Structure formats: C-alpha cells, structure tokens
Amino acid sequence: MTAAMFTKLLKDQTYLEQVSVEELKTLIIQYPYSIHLRFFLAEKSMEIHPKSRFSFLNLASMFAHNRKAFFRSFGLKKKN
C-alpha cells in the first residue's frame with residue numbers, strides 16, 4: 001500500500017473493505033506513530049477476527065491521545 005492509497009483511505013473509509021490487513025501492517029511499519037492506521041487496522045482486524053477484538057483495540061489504544069474517546073468510537077466503555 002502506498003501513501004496515495006492511505007490518503008484515499010482517509011478520504012473514503014469505505015475503501016477499507018478493499019484493503020488487506022497485510023497492507024495496513026506494511027503502512028504501519030512506514031508510519032509507526034499514525035493513530036489513524038492503527039485505528040483502521042483494529043477496525044479491519046475486528047471484522048476478520050471478532051473473538052480477539054479487544055487485543056487489537058488495546059494495542060491501538062496505546063497510541064491514542066484520548067483512550068476514552070477511542071473506545072467510545074467503537075461503542076465500548078473502557079474498564080477502570
């Protein structure tokens with residue numbers, strides 16, 4: 001996945017259906033601090049592996065500026 005494809009993903013999030021998990025992981029290697037990419041990876045991984053969704057969300061939330069808002073965006077409440 002190229003930076004142009006990442007820009008397209010930011011503009012049109014329905015494009016996420018066409019992107020593979022491996023492509024997202026490749027972009028995360030190039031841009032390791034991008035919360036958007038980690039958010040997209042968590043979202044895509046939850047579609048593929050719904051049973052292990054919390055592990056993907058916890059990993060992505062480590063890079064979020066506001067963890068409560070991050071979990072709320074997925075319709076979840078973070079346990080204290």
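The largest nonpolar core here brings together 12 residues: F6, L9, Y15, L16, V19, V21, L24, L27, I28, L37, F40 and L41. A nonpolar core is a set of buried Ala, Val, Leu, Ile, Met, Phe, Trp, Tyr and Cys residues joined through side-chain atoms within 4.5 Å; buried means under 20% relative accessible area, exposed over 50%, and partly exposed in between, using a 1.4 Å probe and protein chains only. Keep in mind that this is a predicted model, where local features need pLDDT of at least 70, side-chain atom pairs count only at pLDDT 80 or more, and totals for chains, interfaces and linings use all residues. Residues are numbered from 1 along each chain as its sequence is written, and side-chain values use heavy atoms, with hydrogens and water left out.

- The top contributor is α2, with 4 residues.
- There's also a second, separate core of 9 residues, including I35, A42, M46 and A64.
- In soluble globular proteins, nonpolar side chains tend to be buried together.

**Overall build**
- You'll find 5 helices and 0 strands in the protein; these are DSSP runs numbered from the N terminus (helices: H or I, at least four residues; strands: E, at least two).
- The C-alpha trace spans about 40 × 25 × 20 Å along its principal axes.
- Of the 80 residues, 35% count as buried.

**How α3 meets α4**
- The axes of α3 and helix α4 (residues 53-61) come within 9 Å and cross at roughly 180°; axes are lines fitted to C-alpha atoms, for helices over the stretch in contact, and angles run from 0 to 180 degrees between N-to-C directions.
- That makes the two helices, α3 and α4, roughly antiparallel (angles under 35 degrees count as roughly parallel, over 145 as roughly antiparallel, 65 to 115 as roughly perpendicular and the rest as oblique).
- On the α3 side, I35, R38, A42, S45 and M46 meet R53, F56, L57 and A60 of α4, where contact means heavy atoms within 4.5 Å.

**How α1 meets α3**
- The axes of α1 and α3 come within 12 Å and cross at roughly 70°, so this pair is roughly perpendicular.
- F6, L9 and L10 of α1 make the contact with H36, L37 and F40 of α3.

**A look at K68**
- K68 sits in helix α5 (residues 67-73), and at 60% relative accessibility K68 counts as exposed.
- K51 is 17 residues from K68 in sequence and 21 Å from it in space, C-alpha to C-alpha.
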